[in-house]
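Work through the exercises below with the sequence and the 3D structure open. Try each task before reading its solution.

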Amino acid sequence: MKRRNAADSTVLSTTILASALIVIVGAAYVAANNAINYQVESAEFDQAQNVLLSFAKVVKNVMLTPHSSGYVRSSFWKTIPQFEKASQNLTLTISDSGNNQTYNIGQNIIKIKGGYTIGVLTPRNLLGTDSLNFTDPSGSLARVRVFQSDGAWVSLDYSRVRCVYIGSSDYYNSTIDGYESLNVFEITLVNLTFGTFEPESQVLITAENLGMNAEPESPIKVSNNTIIQVRLSSGEQSPPIDLADLISIQGGNPGKPILINLIIVDIECSMLKGV
């Protein structure tokens, strides 16, 4: 009887030990698999950020050459690309002593979602700023940012306006049959539109400049009592820019009338199956 009990105890101990080893090995496998999966997803999310930064450079290069194009190559395994069509509009208002001229463009956004193990603790901009307008000629019209919203995302948008003081120039004025000295501004917007969307594991993301469309009434002659303001249909808006103040800051004569060259660059983005 004692021998049988001893044998049963040995079998039970062996079973418990084997079960424990299975649990330990299984837990180790899951942990190792999760670690590998995190490394892969982290690397792909970093790649997604670099892809949108590179694409922003492509857009910058083709902006000033109508009908030019460029592309970046990418692959998507653990990340998911999206073309998000305009959910809101950007409105530029040029106000000359209360006489307003408004221009609207839809705000399309390119987005890439990271894998399920990836998170973004603090939203941050990798390129550009959150400001809706700026006056620095070297500033970026593009904004690339990472953020958390039901997963980790990196996005590219062009929800901003660049307003640059060029200087003063003399223009012929037929009304006075002579030349008139004017302060000149260039205001630039990018109208990002979408073409073909074919998300595959290997893709080409293309940018084509469809044309630099100066508005029909551009250049616009306004008084030195003109401000510009930018707002989104969501309610967000920028502080107004007083053009005369900007001229004074940059050493010009704010007493002269102003000529505004308003340029809207149409950029079409497509995602095509890579070879």
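**Exercise 1.** Which residue takes a positive phi in the hairpin of β3 and β4, and how many residues lie between the strands?

Solution. This is a predicted model, in which local features need pLDDT of at least 70, side-chain atom pairs count only at pLDDT 80 or more, and totals for chains, interfaces and linings use all residues. Residues are numbered from 1 along each chain as its sequence is written, and side-chain values use heavy atoms, with hydrogens and water left out. Strands (E, at least two residues) and helices (H or I, at least four) are DSSP runs, numbered from the N terminus. The hairpin of β3 and β4 has 2 residues between the strands, and Ser 97 takes a positive phi near 55 degrees.

**Exercise 2.** Find the strands that pair with β3, and state whether β3 is buried or exposed.

Solution.
- Step 1: two strands pair if DSSP finds at least two bridges between them.
- Step 2: β3 and β4 (residues 99–106) run antiparallel and are joined by 8 bridges.
- Step 3: β14 (residues 226–232) also pairs with β3 in the antiparallel sense, over 7 bridges.
- Step 4: take Ile 94, whose bridge partner in β4 is Gln 101; in β14, Ile 228 stands opposite Ile 94.
- Step 5: buried means under 20% relative accessible area, exposed over 50%, and partly exposed in between (1.4 Å probe, protein chains only). In β3 (residues 89–96), 7 of the 8 residues are buried, so the strand is largely enclosed by the rest of the structure.

**Exercise 3.** Locate His 67 and Asp 150, and decide for each whether it is buried or exposed.

Solution.
- Step 1: most residues other than glycine have a negative phi.
- Step 2: His 67, which is not a glycine, has a positive phi of about 70 degrees. His 67 lies in the loop between α1 and β1 (69–75) and is exposed, with a relative accessible area of 60%.
- Step 3: Asp 150 has a positive phi near 55 degrees. Its place is the loop between β8 and β9, and at 70% relative accessibility Asp 150 counts as exposed.

**Exercise 4.** State how the lining of the largest pocket divides into nonpolar, polar and charged residues, and which helix gives the most to it.

Solution.
- Step 1: a pocket is an open set of points on a 1 Å grid over the protein atoms alone, where a 1.4 Å probe fits, with protein on both sides within 12 Å along at least five of seven lines; lining residues have an atom within 4 Å of a point.
- Step 2: 15 residues line the largest pocket, and those nearest its centre include Lys 60 and Arg 162.
- Step 3: helix α1 (residues 2–62) gives the most, with 4 residues.
- Step 4: Ala, Val, Leu, Ile, Met, Phe, Trp, Tyr, Cys and Pro count as nonpolar, Asp, Glu, Lys and Arg as charged, and the others, Gly among them, as polar. The lining divides into 9 nonpolar, 3 polar and 3 charged residues.
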